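Have the viewer open and follow along.

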Amino acid sequence: MNINSIAVTIRAAAAIAVIAALSGGCYLLQSAQGQLALMSKREPIDEVIEAPATPPKLRAQLKSVSAIRDFASHELGLPDNGSYRKYADIGRPYVVWNVVAAPEFSVDPKRWCFPIVGCVAYRGYFVEARARRFAAGLHAKGFDVLVGGVAAYSTLGHFDDPILSTMVSWNDVELASIIFHELTHQLLYVSNDAAFNEALATTVEEEGVKRWLQRQGRDQDLAEHLLEQQRYLQIIALMSKTRGQLAALYASGLPPPLMRERKREAFEQLRGAYSALRAQWGGHAPFDAWFAQDINNAHLASIATYFACVPGFERELQAAGGNLPAFYRRVRALAKLDQERRDSLLCGPPPSP
């Protein structure tokens, strides 16, 4: 799981809304325009690799992408289509900027709803200035807001998503993670159930990376990846704990001034807990920039949504004996259940033996 997903936990990003552009509105129009501009920059990866002007580092990265992409379909059973078989140099550090918002005294994100894709807990913009103007408007209305740049995103297979120039500085494990994750969204996506979609994609991503590294005999890289994942989950646990504490605070009925003071103290305690954890890691600090921000409710609003159900999917994979086609069949059957029943099976505690 790439560290970018901490800053904005929703990785199937805002350009999904382009699918609904015919329904009108300035936001959807800018999404359509941004998506079409991005698509116009695509070039087949094979041609970029063969081009004499391609820098050696980019050529090596794109060769890795091609191998990862083939592995995704041939070994993991993920969609075999045109996604991640083209490259686009977009000339900016992020492809979209996502805006996440939550009320001053709530850890539940504000949601926006669109045709086809349903309701999502963010708004995404291809132009940073537009994202920041929209966020400023929400802040003026009293919302806690977060604007985060996103280096990769998915249109759920409605377009052939390219590998972007924003991604090629990543190592091949990070590239494999994002490709496996986003292709899983194309395999199965349940409208209005972000917890299901993200937990499924995360489970396949992690299993895929493990198999990818094992296939190459890269035991040391796998050990390092698993350590990074362990640390990532420790960070998620810290944020989830704070989210729970704040939810209880906001439900307490305390006067707003006292609630604001307790809220400030909770975020200070979160930073302190991170500092202690960082010390345990020997000063290893990949999350420093995130904790240096002015953290607010919006930073925590979606944390539980995207990780609470992962253990349930891991149980389903284990029940399928690690066989991915059988796992996908089990998951498709779960997707047909009503959400309450689905959540009880996947997102709650494990069933008693």
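## Overall picture

Among contacts in the protein chain between residues at least 6 apart in sequence, 73% join residues at least 24 apart. Keep in mind that this is a predicted model. The protein chain has 353 residues, and 52% of them count as buried. Its secondary structure comes to 15 helices and 8 strands.

In soluble globular proteins, nonpolar side chains tend to be buried together. Here the largest nonpolar core has 61 residues, and the members touching the most others are Leu78, Ile163, Ile179, Phe180, Phe196, Phe313 and Phe327. Apart from that one lies another core, of 22 residues, among them Met259, Tyr274, Trp281 and Phe307.

Phe327 is a handy one to click on. Leaving aside neighbours within four places in sequence, Phe327 is in contact with Leu200, Thr203, Val204, Phe313, Glu316, Leu317 and Ala320. Phe327 belongs to α14, so let's turn to that helix's packing.

Two packed helices are described by the angle between their axes and the distance between the axes.

| Helix pair | Angle between axes | Distance between axes |
|---|---|---|
| α13 (residues 310–319) and α14 (residues 324–335) | about 130 degrees | 8 Å |
| α7 (residues 194–215) and α14 | about 175 degrees | 12 Å |

On the α13 side, Phe313, Glu316, Leu317 and Ala319 take part, and they meet Leu324, Phe327, Arg330, Val331 and Leu334 in α14.

With α7, the angle of about 175 degrees is over the 145 cut-off, so α7 and α14 are roughly antiparallel to each other. From α7 come Phe196, Leu200, Thr203, Val204 and Arg211, which meet Leu324, Phe327, Tyr328, Val331, Leu334 and Ala335 in α14. Phe327 therefore turns up in the α14 list for α13 and in the one for α7.

## A buried asparagine

Is Asn296 buried or exposed? Its relative accessible area is 12%, under the 20% cut-off, so Asn296 is buried. Asn296 sits in the loop between α10 (288–291) and α11 (297–300).

What does its side chain find there? A polar atom of the Asn296 side chain lies 3.0 Å from the backbone oxygen of Val145, and the side chain also reaches the backbone nitrogen of Ala298 at 2.8 Å. Not counting residues up to four places away in sequence, Asn296 touches Asp144, Val145 and Phe267.

## Two positive phi values

Leu156 has a positive phi of about 60 degrees although it is not a glycine. Leu156 lies in the loop between β7 (144–150) and β8 (163–164), and it is buried, with a relative accessible area of 12%.

Asn192, also not a glycine, has a positive phi of about 70 degrees. This residue is in the loop between α6 (172–187) and α7. With a relative accessible area of 42%, Asn192 is partly exposed.

Note on methods:
Residues numbered from 1 in each chain as written. Predicted model: local features only at pLDDT ≥ 70, side-chain atom pairs only at ≥ 80, totals over all residues. Heavy atoms only, no water. Core = buried A, V, L, I, M, F, W, Y, C linked by side-chain atoms within 4.5 Å. Buried < 20%, exposed > 50% of the residue type's maximum accessible area, 1.4 Å probe, protein only. Contact = heavy atoms within 4.5 Å. Helix = DSSP H or I, 4+ residues; strand = E, 2+ residues; numbered from the N terminus. Polar contact = N/O pair within 3.5 Å; in protein donor to acceptor, adjacent residues only side chain to side chain. Axes fitted to C-alpha atoms, helices over the stretch in contact; angles between N-to-C directions. Parallel < 35°, antiparallel > 145°, perpendicular 65-115°, else oblique.
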